[in-house]
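My entries follow the model.

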Amino acid sequence: MRMSTYFLPTLKETPSEAQIVSHRLMLRAGMIRQTSAGIYAWLPLGWKVLQKVAQIVREEQDRAGAQELLMPTIQSAELWKQSGRYDAYGKEMLRITDRHDREMLFGPTNEEMITDIVKTFVKSYKDLPKNLYHIQWKFRDEVRPRFGVMRGREFLMKDNYSFDLDAEGARLSYRRMFLAYLRTFARMGIKAIPMRADTGPIGGDLSHEFIILAETGESQVFCDKKWLELDVLADNPDANGDLKDFFAKYTSVYAATEEMHDAANCPVPAEQLETARGIEVGHIFYFGTKYSAPMGAVVTGPDGQPVTVEMGSYGIGVSRVVAALIEASHDDAGIIWPDQVAPFKVALINLKADDEACRSTCDDLYAKLNAAGVEVIYDDRNERPGAKFADMDLIGIPWQLTVGPRGLKAGTVELKRRATGEKLELSLEEALAKVTA
Ligand code: 5CA
């Protein structure tokens, strides 16, 4: 992508309405634009990151055996009356009336709709288990939307729903998702800690919130310092094997939200206890027959008798994760994207756009990087070097490859690692090899 043509409206000034760093940086980096309170347009740079995050979520869902579908954002009130949640959900639900005076709503979540779909087609125990997910926009009319996409009214969620014949099967589905969530966040380069949680309006008896530690988090959390050393990708448990031991290991290390934490009876000694703020990026629930019973999701069991299916639901705030990643990884100059979710891998900076040697070298590097499948943003504008460096630091591209007239005479370019600030003088070939590796 050439910066001269890219739609990247970066801001020099810090927007006054933004109270937390991720919101400020997303506005300054030209990632989002608020269109109404708590509702955002995702501009090209932001959209790219959002898709990268969604793709990691998708790959880990697929690996865990969940299947992707897509349900609509607009739902009929009828389904919610069947489950009994239509009145209970209150003002957070955006209710809509269509031209025929039918009651509709913009979905805040999809338990009812998926239960209705599954019960229509799944009639026998032989059709179970099933685990279905989608990545779709939700609407919750939050009283206080704030902190940008962190607590929006419209937001992107991955939500999935498991259907099992019995409680044992449902607990296995829950453990599979527990593992998938740990893997998902680890792959994004962040540590999300599962904490026993309240089930709230979703309901059920077993639930974990996945929390990223960050100063600006909305929740107060407590965890054993051992958590900071656990490495799920190194543990590498098999999603299809027996997950009991893994689940036992990862739930035995203490971690709790404020609502669940009891200081007087905390099993962790004070010097071993981390007290921090946290951001909830995911939430999983096992709730048995809370929806399947009232909505009649029943299959014929092995003995010919009807069985009400056991369900769980599992959510990741995909758009919130983008903000949480920035809270976890930034400095005074801007965002520092982990490689796995960076919108571009390489920032190619031409220090002197009107210099023929610089221009042709950069054009050539740009073509080679594109040909090698490396995502590159190329600053080919006629701007001051200082402004170019500031923009690239702000938007947080992992590698900055700078080409200037002085270096070129010596046959070198400069390669800077955004995260560490480390700079290397390399030949063109060495620099190319390093960023395409
Ligand atoms: N049906 C269940 C699981 S699929 C559910 O809706 N769970 S939830 O209410 O906990 O939401 C799942 C995740 O969505 C949360 O963990 C959070 O990361 C994200 N989320 C919830 N509300 C918002 C919001 N207003 N703005 C941004 N993300 C949100």
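I looked up H283 and found an N or O atom of its side chain 3.3 Å from an oxygen atom of the ligand. A polar contact here is a pair of N or O atoms within 3.5 Å. For E280, an N or O atom in the side chain is 2.5 Å from an oxygen atom of the ligand. The side chain of T109 has an N or O atom 2.7 Å from a nitrogen atom of the ligand. I then noted the ligand's area: alone it exposes 600 Å², and the protein buries 95% of that (accessible areas by the Shrake-Rupley method with a 1.4 Å probe).

Entry two, the source. This is a predicted model, in which local features need pLDDT of at least 70 and side-chain atom pairs count only at pLDDT 80 or more, while totals for chains, interfaces and linings use all residues. Residues are numbered from 1 along each chain as its sequence is written, and side-chain values use heavy atoms, with hydrogens and water left out.

I counted 22 residues around the ligand, taking a residue as near if one of its heavy atoms lies within 4 Å. The closest are T109, E111, R140, G152 and E280. By class, the shell has eight nonpolar, seven polar and seven charged residues (Ala, Val, Leu, Ile, Met, Phe, Trp, Tyr, Cys and Pro are nonpolar, Asp, Glu, Lys and Arg charged, and the others, Gly among them, polar).

Which element gives the most to this shell? It is β13, with five residues. Strands are DSSP runs of E with at least two residues, and helices are runs of H or I with at least four, numbered from the N terminus.

I looked for cavities of 30 Å³ or more and found two. A cavity is a set of points on a 1 Å grid over the protein atoms alone where a 1.4 Å probe fits but cannot get out, and its lining residues have an atom within 4 Å of a point. The volume is the space filled by probe spheres set on the points, which are joined across faces, edges and corners.

The largest cavity has a volume of about 50 Å³. Its lining is Y40, W42, W137, V149, E154, F155 and S319. Both β2 (39-42) and β8 give two or more residues to that lining.

The second largest cavity holds about 30 Å³. Its lining includes V118, K119 and F163. By class, this lining has seven nonpolar, no polar and one charged residues.

Key: A polar contact is a pair of N or O atoms within 3.5 Å; within protein, one must be able to donate a hydrogen and the other to accept it, and residues adjacent in sequence count only if both atoms are side-chain atoms. On a 1 Å grid over the protein atoms alone, a cavity is a set of points where a 1.4 Å probe fits but cannot get out, and a pocket is an open set with protein on both sides within 12 Å along at least five of seven lines; lining residues have an atom within 4 Å of a point.
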